[in-house]
Structures are given as C-alpha cells and as structure tokens.
Amino acid sequence: MRNGSERDAAAEAVGARAGDGGASSAAAGAAGAAGGAPGVGAPRDTVAAVVRQWQTVRPDIDTGPMEVIGRINRCAALLQQAEDAPLRRVGLTRPEFDLLGALRRTGHELTPGELARETFSSGAAVTKRLKQLQERDLVDRRADTRDRRVSHVSLTGTGRDLVDSILPDQLAYETVVLAGLDGDGQGQLSALLGELLGQLEGRLGLSPGFRG
C-alpha cells in the first residue's frame, strides 16, 4: 500500500484528471450563471449546468432522467481516467486488464467466448487483445483436445503476479476518489447503483453480475 506522501500524490493526480483541472469548475460556473442561479442545496456539477440550460430552452421536458444518467456517464468517464494511471505505468490498457482480471478472479481457464461475455467485449476485440497479452507472456493458450477450433486461456505466472501487483494501486485510487463520501453514503450509492444495474441486466437478459 502507499505511504502518506504517495497517497497525497495519488489524490492530486486523481483530482487533476477527474476534475479536468480548473477548466471544468470554471465551465460549470459560467454555465450556471448563464442558466440561472441554482437553488439552495442544488448540485453545482457540469451536469447540473447542462440540465439548467435544457430547462431554459425546453422548459416543457422532464430532465429527471438526464440528471441521473448524465451523472453516471460523467462519473464513469472521469473514474476511468483516474483508475487507468496504474495501468499505463505497466503498459496495459483497461480492456487488457479486464481480461487479466477475469482470469484471475475466476481462478480457472476461460475460452475467448467466455472472456468476451465476462468483459462485455466483442469476440474480435478479445482475440486481438489476447494476442498482445500472449506476446508479453501474460497469458497462455492451449487448444481443446476435442475441438481444435476452441482454445482455453489461462494466466501465466507473470500475468498473475502483474495483476496482483496492480490491484492494490487500483484500490488505492478508488479509495481516494470516494474519499468525499462517508461509509453510509458509499453504501447507499452502491445499493442504488446495484438496483439499477440489476434492472438493466434483467432487461437485456444478462446474468446478474460476473461469475466470481
């Protein structure tokens, strides 16, 4: 785990990336001024500014869904920027790490098709990423004994060590990002997002959650 100075540096890095520097704050303030002063306790993020602008030009529409989905999308984009820093240091992309993580957490071999489902990726994309990971000796592939068209993918020792070394850094970044929410707030947010995700997965016919 990080020491105090490393954790402070991580916080600054996350703040710079997740906040897009001072530009986003300035843009949000300018947009807020253009869209009218927010009410007491009203959110003052970039999505709030966008919503106020829509309410000005189209007061007849309900912007409620935008206030939820817009914030989820914005948070996801900013969180990914912050979380990708440890991956970039070891030359991995987020999709590549997702493949390695799927193999590590399931604890057994997976076919490329299974990896595609685990990571919500296309078969072609998984094939390309596996080739790159195999060239780095992070994964190994063996042909099925009964069907040579099917391959089974597993982590190499190097791949397993890499995943295990990166994971603490990933969790440290996530801890910094969520530091503004107390335990109750994080629990409530997790429960609400879990409920929404379960509903969406149900509608799309997806199994709830990953296999673990």
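Reader: How do helix 5 and helix 6 pack, in terms of angle and axis distance?
Author: In this predicted model, helix 5 (residues 94-106) packs on helix 6 (residues 112-119) at an angle of about 105 degrees, and their axes are 10 Å apart. An angle from 65 to 115 degrees counts as roughly perpendicular, so helix 5 is roughly perpendicular to helix 6.

Reader: Which residues make that contact?
Author: Helix 5 contributes D98, L99, A102, L103, R105 and T106, while helix 6 contributes L115, E118 and T119.

Reader: And what is the make-up by class?
Author: The contact of helix 5 with helix 6 has four nonpolar, two polar and three charged residues.

Reader: What about helix 6 and helix 7, at what angle do their axes cross?
Author: The axes of helix 6 and helix 7 cross at roughly 110 degrees and come within 9 Å. That makes helix 6 roughly perpendicular to helix 7. On the helix 6 side the contact involves P112, L115, A116 and T119, and on the helix 7 side G123, V126 and L130.

Reader: How many charged residues are in that one?
Author: The contact of helix 6 with helix 7 has no charged residues; by class, five are nonpolar and two are polar.

Reader: Back to helix 5. How does helix 5 cross helix 8?
Author: Helix 8 spans residues 157-177, and its axis comes within 10 Å of the axis of helix 5, with a crossing of roughly 110 degrees. The two helices are therefore roughly perpendicular to each other.

Reader: Is the crossing of helix 5 and helix 8 left-handed or right-handed?
Author: The crossing of helix 5 and helix 8 is left-handed. In helix 5, R94, F97, L100 and R104 meet R160, V163, D164, I166 and Q170 of helix 8. By class, this contact has four nonpolar, one polar and four charged residues.

Reader: F97 is on that list. Where does F97 sit, and is F97 buried or exposed?
Author: F97 is in helix 5, and F97 is buried, with a relative accessible area of 8%. Setting aside neighbours within four places in sequence, F97 is in contact with L87, L92, V163, I166 and Q170.

Reader: How far is F97 from L133, C-alpha to C-alpha?
Author: The C-alpha atoms of F97 and L133 are separated by 9.6 Å, and the two residues are 36 residues apart along the chain.

Reader: Helix 5 also has a glutamate, E96. Is E96 buried or exposed?
Author: E96 counts as buried at 8% relative accessibility, because the cut-off for buried is under 20%. Not counting residues up to four places away in sequence, E96 touches G91, R129, Q132 and L133. E96 and L130 are 34 residues apart in sequence, and their C-alpha atoms are 7.9 Å apart in space.

Reader: Let me turn to the core. Which residues of the largest nonpolar core touch the most other members?
Author: That core has 19 residues, and L92, L100, L115, L130, L133 and V139 touch the most other members. Helix 5, helix 6, helix 7 and helix 8 are the elements that give two or more residues to this core. Helix 5 gives the most, with five residues.

Reader: What is L92 in contact with?
Author: Leaving aside neighbours within four places in sequence, L92 is in contact with L87, F97, L100, L133, R136, L138, L162 and I166.

Reader: New topic: backbone geometry. Which loop holds F120, and what is its phi?
Author: F120 lies in the loop between helix 6 and helix 7. Its phi is near 55 degrees, a positive value in a residue other than glycine. Most residues other than glycine have a negative phi. F120 is exposed, with a relative accessible area of 54%.

Reader: And D137, where does that lie?
Author: D137 lies in the loop between helix 7 and strand 1 (139-143). The phi of D137 is near 60 degrees, also a positive value in a residue other than glycine. D137 counts as partly exposed, at 43% relative accessibility.

Reader: Finally, how many helices and strands are there in the protein?
Author: The protein has nine helices and two strands, in the order α-α-α-α-α-α-α-β-β-α-α along the sequence. Of its 212 residues, 28% are buried. Among contacts between residues at least 6 apart in sequence, 52% join residues at least 24 apart.

How values were computed: Residues numbered from 1 in each chain as written. Predicted model: local features only at pLDDT ≥ 70, side-chain atom pairs only at ≥ 80, totals over all residues. Heavy atoms only, no water. Axes fitted to C-alpha atoms, helices over the stretch in contact; angles between N-to-C directions. Helix = DSSP H or I, 4+ residues; strand = E, 2+ residues; numbered from the N terminus. Parallel < 35°, antiparallel > 145°, perpendicular 65-115°, else oblique. Contact = heavy atoms within 4.5 Å. Nonpolar A, V, L, I, M, F, W, Y, C, P; charged D, E, K, R; others polar. Left-handed = near helix turned anticlockwise from the far one by under 90°. Core = buried A, V, L, I, M, F, W, Y, C linked by side-chain atoms within 4.5 Å. Buried < 20%, exposed > 50% of the residue type's maximum accessible area, 1.4 Å probe, protein only.
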